[in-house]
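Q: I am new to this structure and would like to learn how to read its features one at a time. Could you take me through them?

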Amino acid sequence: FNILYGPYSQRFNHFVALKKNEEFSILLGRIIKYTFPLCLFVCFIMSFSSKYFILYWVGSDYIEAIPIISVLSWFYIFHFISQPGSYVCISTENYKLIHLQSIVNPVVFLGSFMILYYSGVGLLSFAISKLLMVFSGTIIVSFAISKWSNIWEDIKPFLPLVLVILMIVAS
């Protein structure tokens, strides 16, 4: 995903340096709007193909890895916010949020991993903890984005698609 977002990092820096806040905000909104369906699609495909990926690549000896890969594939769902949000934090020099994320992420990961692992979840606790860590980091960088763009307005046209995918996943 860095191939998609990398070029925009310099663009964000350019707009901040020239104090072009309106262009910065428009670019951020477009990035969120256009990468949300891509992230959703990638997660959906990776999650549902993980069983076949494991079975056809390494065989049935590793069938216990299917739930782990399936859960790990969903951490990309937040990439449409977390990646541009990180670039926003860096380009606007919002070091408080960067430091907060650097503190919160390991605490969330290690805390949830220990709780889940010792409560009997097993190796799946690693994947769930990573998903929780990415989610907590996304919440933190959302504060930086909210100053420049309304995330819900950007993704509102895609909410029916999200509901259909959630219904498919739940069944």
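Q: At 70% relative accessibility, does Y56 count as buried or exposed, and why?
A: This is a predicted model, so everything said here applies to the model. Because exposed means over 50% relative accessible area, Y56, at 70%, counts as exposed.

Q: Where do Y52 and Y56 lie, and how many residues apart are they?
A: The general idea is that an α-helix has 3.6 residues a turn, so residues three or four places apart point the same way. Here, Y52 and Y56 both belong to helix α2 and are four residues apart, which is about one turn of the helix.

Q: How many aromatic pairs are there, and which kind do Y52 and Y56 form?
A: The count comes to 12 aromatic pairs. For Y52 and Y56, the ring centres are 6.3 Å apart and the planes stand at 15 degrees, and because planes under 30 degrees apart count as stacked, this pair is stacked.

Q: What is the arrangement of the rings of Y117 and Y118?
A: Their centres are 5.5 Å apart and their planes are at 80 degrees, so the pair is edge-to-face. Y117 counts as partly exposed because its relative accessibility is 38%, whereas Y118, at 69%, counts as exposed. Both rings also belong to a cluster in which ring pairs link F109, F113, Y117, Y118 and F126.

Q: Which residue lies over the face of F75?
A: That residue is K130, which lies over the ring at 4.7 Å from its centre.

Q: Why does I54 count as buried, and which residues does I54 touch?
A: I54, whose place is in helix α2, has 6% relative accessibility and therefore counts as buried. Leaving aside residues up to four places away in sequence, I54 touches G59, Y62, I63, A65, I66 and I69. One of these, A65, is 11 residues from I54 in sequence and 7.5 Å away in space, C-alpha to C-alpha.

Q: Which residues does S47 touch?
A: S47, also in helix α2, counts as buried because its relative accessibility is 11%. Apart from residues up to four places away in sequence, S47 touches S70, S73 and W74.

Q: Which residues of helix α3 are buried, and what covers them?
A: In α3, which takes in residues 66-73, the buried residues are I66, I68, S70 and S73. Their cover includes α2, residues 21-57, and α6, residues 124-146.

Q: How far apart are the C-alpha atoms of N21 and D61?
A: These atoms are separated by 54 Å, with the two residues 40 apart along the chain. N21 lies in helix α2 and, at 43% relative accessibility, counts as partly exposed.

Q: How should I read the largest pocket, and what lines it?
A: Rolling a probe the size of a water molecule over the atoms shows where empty space is left. In this model the largest pocket has a volume of about 420 Å³, and its lining is made of 19 residues, of which F36, I77, F78, F80 and W152 lie nearest the centre. At least two lining residues come from each of α2, α4, α6, α7 and α8, and the largest share, five residues, is supplied by α8.

Q: How many residues of that lining are nonpolar, polar or charged?
A: The lining of the largest pocket divides into 17 nonpolar residues, two polar and no charged.

Definitions and conventions:
Residues numbered from 1 in each chain as written. Predicted model: local features only at pLDDT ≥ 70, side-chain atom pairs only at ≥ 80, totals over all residues. Heavy atoms only, no water. Buried < 20%, exposed > 50% of the residue type's maximum accessible area, 1.4 Å probe, protein only. Contact = heavy atoms within 4.5 Å. Phe/Tyr/Trp six-rings, centres within 6.5 Å; stacked < 30°, edge-to-face > 60°. Lys NZ or Arg CZ within 6 Å of the ring centre and 35° of its normal. 1 Å grid on protein atoms, 1.4 Å probe; cavity = no way out; pocket = protein on both sides within 12 Å on 5 of 7 lines; lining within 4 Å. Points joined across faces, edges and corners; volume = space filled by probe spheres on them. Nonpolar A, V, L, I, M, F, W, Y, C, P; charged D, E, K, R; others polar.
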